[in-house]
Amino acid sequence: MNRVMMRTWFDQAARKKRRAQNRKAKAAKLAPRPAAGLLRPVVHPPTQRYNMKLRLGKGFTLEELKEAKIPAKIAPTIGI
């Protein structure tokens, strides 16, 4: 390989630091919302093989939101 065309990684640590700072800034900008995405309910999978386990569901129903006194239109803005 030609040494002139070689790509160096001297900035690897700085890149890592910059990415971490950008992630932190993005999470702060999303302030009250969860940084990892929308909140999702915990549900039991349907089949016999898996129904003793728990996994994340698709989202909350309108009834669940109503019970929690969260308007359906506001829910997406706060990360639900």
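Helices (H or I, at least four residues) and strands (E, at least two) are taken here as DSSP runs, numbered from the N terminus. The model is a predicted one, so to speak of local features takes a pLDDT of at least 70 and side-chain atom pairs count only at pLDDT 80 or more, while totals for chains, interfaces and linings use all residues. Residue numbers start from 1 along each chain as its sequence is written, and side-chain values rest on heavy atoms, with hydrogens and water left out.

As for extent, the C-alpha trace spans about 65 × 40 × 15 Å along its principal axes.

The chain exposes about 7,800 Å², and 60% of that comes from carbon and sulfur atoms; the areas come from the Shrake-Rupley method with a 1.4 Å probe, and for residues only the protein chains shown count as cover. Turning to contacts (heavy atoms within 4.5 Å), residues 24 or more positions apart account for 20% of those with a separation of 6 or more.

On the charge side, the chain carries 20 positive and 4 negative side chains, and the centres of the two sets lie 15 Å apart. Lys and Arg count as positive and Asp and Glu as negative, with His and the chain ends not counted; each charge is placed at NZ of Lys, CZ of Arg, CG of Asp or CD of Glu. Side chains of opposite charge can pair when their charged atoms come close. With a salt bridge taken as a side-chain nitrogen of Lys or Arg within 4 Å of a carboxyl oxygen of Asp or Glu, the count comes to 1. The partners are R15 and D11, whose closest N and O atoms are 3.1 Å apart. R15 is partly exposed at 30% relative accessible area, and D11 is partly exposed at 30% too.

A36 sits in the loop between α1 (12-29) and β1 (42-43) and is exposed at 85% relative accessibility. A36 and P76 are 40 residues apart in sequence and 14 Å apart in space, C-alpha to C-alpha. M52, in the loop between β1 and β2 (55-56), is exposed at 56%; M52 and R19 are 33 residues apart in sequence, with 39 Å between their C-alpha atoms. Finally, K69 lies in the segment after α2 (62-67). Its phi is near 60°, a positive value in a residue other than glycine, and K69 is exposed, with a relative accessible area of 73%.

Note on methods. Buried < 20%, exposed > 50% of the residue type's maximum accessible area, 1.4 Å probe, protein only.
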